[in-house]
Amino acid sequence: MRRHLYDQPIEVKESIPEHPRALRLDLPEPPNGDASDQAFVYRFDDEVVGFFNRCGHVRLPMDLDDGKFFDREGMIICRVHGARFDERSGACIMGPAYTGLYRLLIQSGNRPAHDENSKDSSPTTPSEQSFYKSNTMAESSAVSTGELGSSGERAGEQAPNYRILGWEGPVASK
Ligand code: FES
């Protein structure tokens with residue numbers, strides 16, 4: 001699985017809707033090598049998750065450009081040929097896709113997002129070291145995807161800001 005971290009995390013300034021709605025946004029340095037590509041993010045079970053809008057089949061935009069990413073059961077659907085992806089992990093569940101999606105690494109508050117269960121959570125790349133150094137004072141919750149661990153917002157706490165740290169993928173199929 002490829003993993004890419006931005007030199008500077010990208011703050012999401014727009015309101016992020018609850019699943020099954022999603023916010024579309026353009027992000028730089030996407031997996032396909034273009035200057036930028038479209039992604040989508042949404043709230044799901046007290047987490048914020050997001051993926052690049054490229055199918056694991058033909059790498060086409062999955063929403064036919066109308067912002068509708070989910071089927072009646074709430075799974076991510078590619079409306080080009082009907083592939084389905086898990087709405088939390090981005091793994092391919094059914095359909096002609098060969099791989100899962102590229103998921104976004106998303107952080108809330110200021111605490112570095114990392115795998116808290118990992119024996120070695122130290123930053124290893126220059127990008128990670130740079131980012132982690134600039135975020136050593138924080139204590140608030142981190143919301144991220146998949147292997148980075150997660151925690152939710154508590155009642156009464158200030159709503160966190162969300163930052164996109166980078167991306168990883170493609171997610172393995174189920
Ligand atoms: S392009 Fe998505 S299923 Fe074919």
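**View 1. Pro-17 and the residues it touches.** Setting aside neighbours within four places in sequence, Pro-17 is in contact with Ala-22, Leu-23, Tyr-42 and Arg-43; here, contact means that two C-beta atoms, placed from the backbone, lie within 7 Å. The model you are looking at is predicted: local features need pLDDT of at least 70, side-chain atom pairs count only at pLDDT 80 or more, and totals for chains, interfaces and linings use all residues. Residues are numbered from 1 along each chain as its sequence is written.

**View 2. The loop around Pro-17.** Find strand E1 (2-12) and strand E2 (23-28): Pro-17 sits in the loop between them. Strands (E, at least two residues) and helices (H or I, at least four) are DSSP runs, numbered from the N terminus. Val-41 is 24 residues away along the chain, yet the C-alpha atoms of Pro-17 and Val-41 are separated by 8.0 Å.

**View 3. An open sheet of 3 strands.** The order is E5-E6-E7, with antiparallel pairing. Strand E5 (76-77) and strand E7 (92-94) are the edge strands, each pairing on one side only. Two strands pair if DSSP finds at least two bridges between them.

**View 4. Where E5 meets E6.** Strand E6 (residues 84-85) runs antiparallel to E5, and 2 bridges join them. Look for Ile-77, whose bridge partner in E6 is Arg-84.
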